[in-house]
Amino acid sequence: MKALILAGGFGTRLRPISCSRPKTLFPIVNKPLLEGIFERLSENNIMEAIMAVNSLTEFYIRKQKIRKHGLKVRYSIDPPKTPLGTAGPIKNAEKLIGKTDSFLVLNGDIFADIKYKEIIKTHKEKKALATIALHEVKDPSRYGCVEITEDKRIKKFIEKPKKGSAPTNLINAGIYVLDPKVLQYIEKSKSVSMEREIFPKLVEEKKMFGHCMQGLWIDIGKPTEYLEANKILLKAHYNNKKYDNKNLKIKNYVAIDTGVKIGEKTVIGPYAVIGKQVAIGKNVQIIESVILSDAEIQDGSKINGSIIGEGVFIGKNVKIGNGCIIGDCAKIRDNVSLPEGAAVCPGKEISENILKSNIVC
Ligand code: GTP
């Protein structure tokens, strides 16, 4: 079986970090999300992936040279200046998909600890045209909720139901098995939405089924969700790691990649992820944040609840408040304070305090 991975969106909600990398390359506890997807596919014996991308995403993915875990990886590229949405790229990859076998479709911005074999089994048993993975959440009002019958047939999709009014807590997990016949439902060379245009037709024709998945599922689409994804995985896998530096205070849970330098009396954690070759000075505090590789953070700075891009420079005694996103290679000079929710575009230099939450381009 082949897997098609949707990875050509613009990731507008994760700007400005997504200005210089597609969402599927965002590191989750220092490992690109896509690498984890390849790993899981390989564990499930699915050895061929089609990356549905735009030309820029293709460039970034090839450049990163992530481990493929034995998979054969091919690229299907959206036409220039024509984003194809979530269904159009599947039609665009028709030749690579072939006409005979069912195939998997995965949203490239989702971390899911799913056994693909089980959803494929449901798909075959039900002789479905489409089978989607369903994940149970506490509050489905942020997502599309899905109603199913006792025999797992999809009855209805309800987009962002009002709080408390959703008939089920099951949401579309962004993982599907499709029969190649579904390609006939998608118009060529156009932006088409799988969720809004194709699935409702398949539901009407009673050809669509759901598979309730177990295990971890995280959508990294928004900054808070991205930080939460790191937090959840830190908690799951990094509780016993020891870092042998007496002058350093580690508050669980943290992940520190290779080549990182940390000065005296610095406090890392709780819930901090530090990427490769990051240089951190003395008396620094990093709490509930993700610091991408090659960043430098000088003495006395405090970072809380924020995402710091690759190669960012942070001077002395800088304060970075909750929910800030600093784009790659930006420079924040000494003594600057950034308010909650500030976003700094890649390469931008900030040498004065910013008072209101704002995007600084
Ligand atoms: P936002 O702009 O923040 O909404 O993000 P997005 O549009 O990148 O993501 P969304 O959650 O809407 O899309 C779900 C998946 O489909 C993601 O993995 C996207 O990369 C992918 N995707 C969305 N639009 C396109 C597109 O036009 N072409 C391709 N090839 N993939 C897409």
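## Close-up views of a predicted model

**View 1. C212 is partly exposed, with a relative accessible area of 35%.** The model is a predicted one, in which local features need pLDDT of at least 70 and side-chain atom pairs count only at pLDDT 80 or more, while totals for chains, interfaces and linings use all residues. Residues are numbered from 1 along each chain as its sequence is written, and side-chain values use heavy atoms, with hydrogens and water left out. Relative accessible area (1.4 Å probe, protein chains only) is called buried under 20%, exposed over 50% and partly exposed in between. The cysteine sulfur closest to that of C212 belongs to C145 and lies 12 Å away, which is too far for a bond. C329 is likewise in no disulfide, since the nearest cysteine sulfur, that of C19, is 12 Å away, and C329 is partly exposed at 45%. With a disulfide taken as a pair of cysteine sulfur atoms within 2.5 Å, the count comes to zero.

**View 2. Y176 and F199 form an edge-to-face ring pair.** Rings of Phe, Tyr and Trp (its six-membered ring) are paired if their centres lie within 6.5 Å, and a pair is stacked when the planes are under 30 degrees apart, edge-to-face when over 60, and tilted otherwise. The whole structure holds six aromatic pairs by this rule. In the pair of Y176 and F199 the centres are 4.8 Å apart and the planes stand at 85°, so the pair counts as edge-to-face. It joins distant parts of the chain, 23 residues apart, with Y176 in strand β11 (residues 170–178) and F199 in helix α6 (residues 194–204); helices (H or I, at least four residues) and strands (E, at least two) are DSSP runs numbered from the N terminus. Both Y176 and F199 are buried.

**View 3. Y253 and Y271 make a tilted pair, 5.7 Å from centre to centre and with 45° between the planes.** Y253 lies in the loop between β14 (249–250) and β15 (254–256), and Y271 in the loop between β17 (267–268) and β18 (272–274), 18 residues apart. Y253 is partly exposed at 22% relative accessible area, whereas Y271, at 16%, counts as buried. K231 lies over the face of Y271, at 5.0 Å from the ring centre, where a charge sits over a ring if NZ of Lys or CZ of Arg is within 6 Å of the ring centre and within 35 degrees of the ring normal.

**View 4. K23 is placed in the loop between β1 (2–6) and β2 (27–28).** K23 has 16% relative accessibility and therefore counts as buried. Leaving out residues up to four places away in sequence, K23 touches G11, R13, L14, L33, D109, I220 and G221, where contact means heavy atoms within 4.5 Å.

**View 5. The ligand is surrounded by 20 residues, the closest being L6, T12, R13, D78 and G85.** A residue is near a molecule or strand if one of its heavy atoms lies within 4 Å of it. A backbone N or O atom of L6 lies 2.8 Å from an oxygen atom of the ligand. For G11 the corresponding distance from a backbone N or O atom to a ligand oxygen atom is 3.0 Å, and for L84 a backbone N or O atom likewise lies 3.0 Å from an oxygen atom of the ligand.

Definitions and conventions
Polar contact = N/O pair within 3.5 Å; in protein donor to acceptor, adjacent residues only side chain to side chain.
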